[in-house]
Amino acid sequence: MLISSFGCSYETADIEFGYTLSQARDKSNNLAFHLIQAFAPGEVDYEKAHTTIFLMRCALFTM
């Protein structure tokens, strides 16, 4: 399984998400973003799929 994180550590993500949730409830109804990227069977391998979603995430959230 490939694991990466953006803006947090995967080892402590549950703690960080809980803190963010407690802070965000007072500010907005939008508490998270969920990105889905789909590929046709055989189009890419796991490594390429992981890299593609990582680059997309970086482009969306570092502007």
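View 1. Ile53 has its place in helix α2, where helices are DSSP runs of H or I of at least four residues, strands are runs of E of at least two, and both are numbered from the N terminus. This is a predicted model, in which local features need pLDDT of at least 70, side-chain atom pairs count only at pLDDT 80 or more, and totals for chains, interfaces and linings use all residues. Residues are numbered from 1 along each chain as its sequence is written, and side-chain values use heavy atoms, with hydrogens and water left out. Apart from neighbours within four places in sequence, Ile53 is in contact (heavy atoms within 4.5 Å) with Leu35 and Gln37. The C-alpha atoms of Ile53 and Ile36, 17 residues apart along the chain, are separated by 8.2 Å.

**View 2. Thr52 in helix α2.** Thr52 also lies in helix α2, and its C-alpha atom is separated by 8.5 Å from that of Gln37, 15 residues apart along the chain. Thr52 counts as partly exposed because its relative accessibility is 26%; buried means under 20% relative accessible area, exposed over 50%, and partly exposed in between, with a 1.4 Å probe and protein chains only.

**View 3. Phe33 and a nonpolar surface patch.** Phe33 is found in the loop between α1 (13-24) and α2 (46-61), and it counts as exposed because its relative accessibility is 63%. Together with Leu35, Leu60 and Phe61, Phe33 forms a nonpolar patch on the surface.

**View 4. The chain as a whole.** The chain has two helices and zero strands, and buried residues make up 5% of its 63 residues. Among the contacts in the chain with a separation of 6 or more, 50% come from residues 24 or more positions apart.

Conventions. Patch = residues over 30% accessible without salt bridge, like charges linked within 9 Å, V, L, I, M, F, W, Y side chains within 5 Å. Areas by Shrake-Rupley, 256 points an atom, 1.4 Å probe, with all protein chains shown as cover. Salt bridge = Lys/Arg side-chain N within 4 Å of Asp/Glu carboxyl O.
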